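Please read the following report alongside the sequence and the coordinates.

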Amino acid sequence: MIQAQNKQTDSKLVTFLKEKKLLVAVVGIILVLFIGLAIMKSSKKKPSGPKVDPVAEALKAKQLEVDKLIKEGIAIFKDAKGRPSWTQAKAKLDAADKLIPDVKTVADNQKLIAKGLQLDLAVVYVSLRVNSLAFKSQELRNKLKGVPELFAEVKDFISEPAAKYYGENIKKHIADLDKRLDDSKKVTEKLKNISFLLQTSSNNATKWKAVKLYDSVINDVTNPGLKQCKVVYNLRNGLIDQLISSAAIRQKRYLPFTGKSSLIDACRTQEDIIAAQKVFNASNPAANVALNTGPAAPMGTVNSGGGHYSGTSMPASVAAKYMAKDFAGAKAVADGLAASNPKMKAIAGKLATIQAAYSAASSGSWGSKVTSYETCLSIDASLGGKLSGFFKQQIAQNAKLHANTLLSSASYEAAFVAYNKALANGATDMGNTLKQLEKAARNTYLKAYQMGGASVEAKNLYRQVLKMVPSTSKVYSDAQARLAGGAPTHEMGPIKIMSTYVPPTMRPSPMVTIMRPPVMKVMRPKVMKGMKGMKGMRVVDDDDD
């Protein structure tokens, strides 16, 4: 029975396999293919290599970038077609140093670029200002101190066109400035001698002589540049004003100045200096700070929102124009803001006053300029005083020139007032002016001294001396002692006049008159009685007394 069942089961399995023969064949083929593909894939698999270090790969990439930056930075000044851009070269090397610090090649080139920047700054600074009347020659010459040596350190590392640019500019600027300073010294010495001449005598003959001397300076064939010495023209024509009363005749004797003012410092007028400053400001706005003694910053406390201010403060829009000395522009902005804030009306009014005074200071006499700048200084103080340094400098310069002009016309008291204003506003080179004032004061003192000192006229001269020199001067104390009824300390010795020859007619008379001794009468002794026999005998006085 069991065998019958197995036989029946086998017959069923066999029957199934026989019926599904095709399916079994397909499955077998797929299995074989799968195994074959797996074997082929495994046989093609590459052997694994060493593992990659990501840190080392990153460092390698940085090194390549640093090398590129160094090469690009050096090329900026090594291949420059003219003046190189040292700031761009610096940016490249700084970037390289930031990627990998303390690389020797980077450090060496950074030092070279620092010298290049210093060289470039000095040359460009002078080049921008050397042909402007607004800048003193000595200031520019000082900027070139050590520059030739700096150029010598750099020139072997820069391109030939770059070396030519710096070399030629340095050589030309130094030569021009040195000659200008030498010419200025010569002109100053000549003007000083003419001024001394006018101090010794203020008569018309001396003044005409001074006019001729001024003409000789202008027509100096050894230095054609003096033909444009405007200061000499002004001094010469100022004497013509004093010598000739008729306007028509005076006009004929004037020597008009034409052309461009000389760059020689001693020949520059204050009007030309101010005008040159304005031109420079307009042409080089980025360099305006160099002309200001104070920082180019808004005045007072400025709110970044604008329009909120108090006291003497200004909005940034007004302050920026004010610091650039564009007073008309500052007033225009202030007027616009005044519509929304009444407080700005007062500031706008002050700006109008300072604008008018500043404009007036560009022309007129030295004395009127001093007055105009004093007005500017006063208004500036009420607005925060940010331009006080600039206005004081202008007062000092013009007061000094005014003092020298007054000295040449023998207006000594007024010259002393101008001298004090110059000192009060920061002038430091007033020693020569003081010497001239003291010399004039000593001559005035001697005139009073010759009169004996007791007369009203002599006392008035002594009082005049006190208005010509500071109280620290010796001649001041001498005159003061005379007025007090005493004697100056120098009375015990000869009076010395500061290297000025005094003619005999002006020499002081001696204070003591030598009196002749009285004639002594010889008393003869009376002949006594009993001595008649002694008649004819000679009496010999052998006393020692």
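## Basis and conventions

Axes are lines fitted to C-alpha atoms, for helices over the stretch in contact, and the angles between N-to-C directions run from 0 to 180 degrees. Helices (H or I, at least four residues) and strands (E, at least two) are DSSP runs, numbered from the N terminus.

The model is a predicted one, in which local features need pLDDT of at least 70 and side-chain atom pairs count only at pLDDT 80 or more, while totals for chains, interfaces and linings use all residues. Residues are numbered from 1 along each chain as its sequence is written, and side-chain values use heavy atoms, with hydrogens and water left out.

## Helix 12 against helix 17

Helix 12 (residues 270-283) and helix 17 (residues 388-408) have axes that come within 11 Å and cross at roughly 155°. That makes helix 12 roughly antiparallel to helix 17, given that angles under 35 degrees count as roughly parallel, over 145 as roughly antiparallel, 65 to 115 as roughly perpendicular and the rest as oblique.

Gln270, Ile274 and Gln277 of helix 12 make the contact with Phe390, Gln394, Gln397, Asn398 and Leu401 of helix 17, where contact means heavy atoms within 4.5 Å.

## Confidence

The average pLDDT of the chain is 78, and 77% of the residues score at least 70; pLDDT is the predictor's confidence in each residue, from 0 to 100.

## The disulfide

With a disulfide taken as a pair of cysteine sulfur atoms within 2.5 Å, the count comes to one disulfide. Cys229 is joined to Cys267, at an S to S distance of 2.0 Å, and the link is left-handed, with -90° about the S-S bond. Cys229 lies in the loop between helix 9 (204-218) and helix 10 (230-243) and Cys267 in the loop between helix 11 (247-253) and helix 12, so the pair ties together parts that are 38 residues apart in sequence.

## Buried residues

Both Cys229 and Cys267 are buried, a term that means under 20% relative accessible area, with exposed meaning over 50% and partly exposed in between (1.4 Å probe, protein chains only). Cys376 is also buried, with a relative accessible area of 0%.

Ser137, whose place is in helix 6 (residues 137-143), counts as buried at 0% relative accessibility. Leaving aside residues up to four places away in sequence, Ser137 touches Leu177, Arg180, Leu181, Leu263, Asp265 and Arg268.
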